[in-house]
Amino acid sequence: DGLGVVTSVLRIPSAQPPHLVIAEDNLNTIDTLQDYLSAQGYRLSFARNGEEAIDLIREQRPDLVLMDIQMPGMDGLAVITTLRQDPNFQHLPIIALTALAMNGDREQVLAAGATDYISKPVKLSQLDRSIRTLLAG
Ligand code: MN
């Protein structure tokens, strides 16, 4: 029936590996994440600052975002706040990465609209768990 046709059309995008945008300014962290996540089969795009991240996310509509909080210029908190004001990105999974591990950081990051929070140095097993959970919806 007609509904069956619609359903199969809607399933086409999920045949591709999930697309992740990674906003990060630290080269060592970029290398680590690229090695690990490309080996997992994800499609990856990188932004090196907040302004690039906004442009890339609006253009590419990724399935999930890893967002470093400490970046030059527009920081990760400002990017998340901006994205959440856009109806297209209110439900986009965003995992915040932050070097700060002080009390209150987690709350601040989640209040800005991050879906999850991982402190640096990033434990890859924890990151993997968070990504899989969020992509599963
Ligand atoms: Mn940084």
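What share of the contacts in the protein with a separation of 6 or more comes from residues 24 or more positions apart? In this model, which is a predicted one, the share is 58%. I shall begin with the overall architecture, continue with the sheet and its helices, and end at the metal site.

The protein has 137 residues, and buried residues make up 40% of them. Its accessible surface amounts to about 7,600 Å², with 52% of that area belonging to carbon and sulfur atoms. The secondary structure consists of 6 helices and 5 strands. Read from the N terminus, these elements follow the pattern α-β-α-β-α-β-α-β-α-β-α.

The 5 strands form an open sheet with parallel pairing, and their order is 2-1-3-4-5. Strand 2, residues 43-47, and strand 5, residues 116-119, stand at the edges; each has a single partner strand, so one side of each lacks a neighbour in the sheet. From one strand to the next, the twist averages 20°.

Helix 3, residues 50-60, lies across strand 1, strand 2 and strand 3, and runs at about 145° to strand 2. Helix 6, residues 124-135, lies across strand 1, strand 3, strand 4 and strand 5, and its direction is at about 170° to strand 5.

We now come to the metal. Which residues coordinate the manganese ion? They are D25 and D68, each through OD, and Q70 through O, at 2.0 to 2.1 Å. In sequence, the spacing of these donor residues is D-x42-D-x1-Q. D25 lies in the loop between strand 1 (19-23) and helix 2 (27-39), while D68 lies in strand 3 (residues 64-68), so the pair ties together parts that are 43 residues apart in sequence.

Are these two aspartates buried or exposed? D25 counts as partly exposed because its relative accessibility is 27%. D68, by contrast, has a relative accessibility of 1% and therefore counts as buried.

Finally, I draw your attention to P72, in the loop between strand 3 and helix 4 (76-84). P72 has a relative accessible area of 48%, so P72 is partly exposed. Apart from its neighbours within four places in sequence, P72 is in contact with D25 and N49. One of these, D25, is a ligand of the manganese ion.

To close, I return to two points. The sheet is open, with its strands in the order 2-1-3-4-5. The manganese ion is coordinated by D25, D68 and Q70.

How values were computed
Residues numbered from 1 in each chain as written. Predicted model: local features only at pLDDT ≥ 70, side-chain atom pairs only at ≥ 80, totals over all residues. Heavy atoms only, no water. Donors = N, O, S within 2.8 Å, 3.2 Å for Na, K, Ca; no water. Helix = DSSP H or I, 4+ residues; strand = E, 2+ residues; numbered from the N terminus. Buried < 20%, exposed > 50% of the residue type's maximum accessible area, 1.4 Å probe, protein only. Contact = heavy atoms within 4.5 Å. Pairing = 2+ DSSP bridges. Axes fitted to C-alpha atoms, helices over the stretch in contact; angles between N-to-C directions. Areas by Shrake-Rupley, 256 points an atom, 1.4 Å probe, with all protein chains shown as cover.
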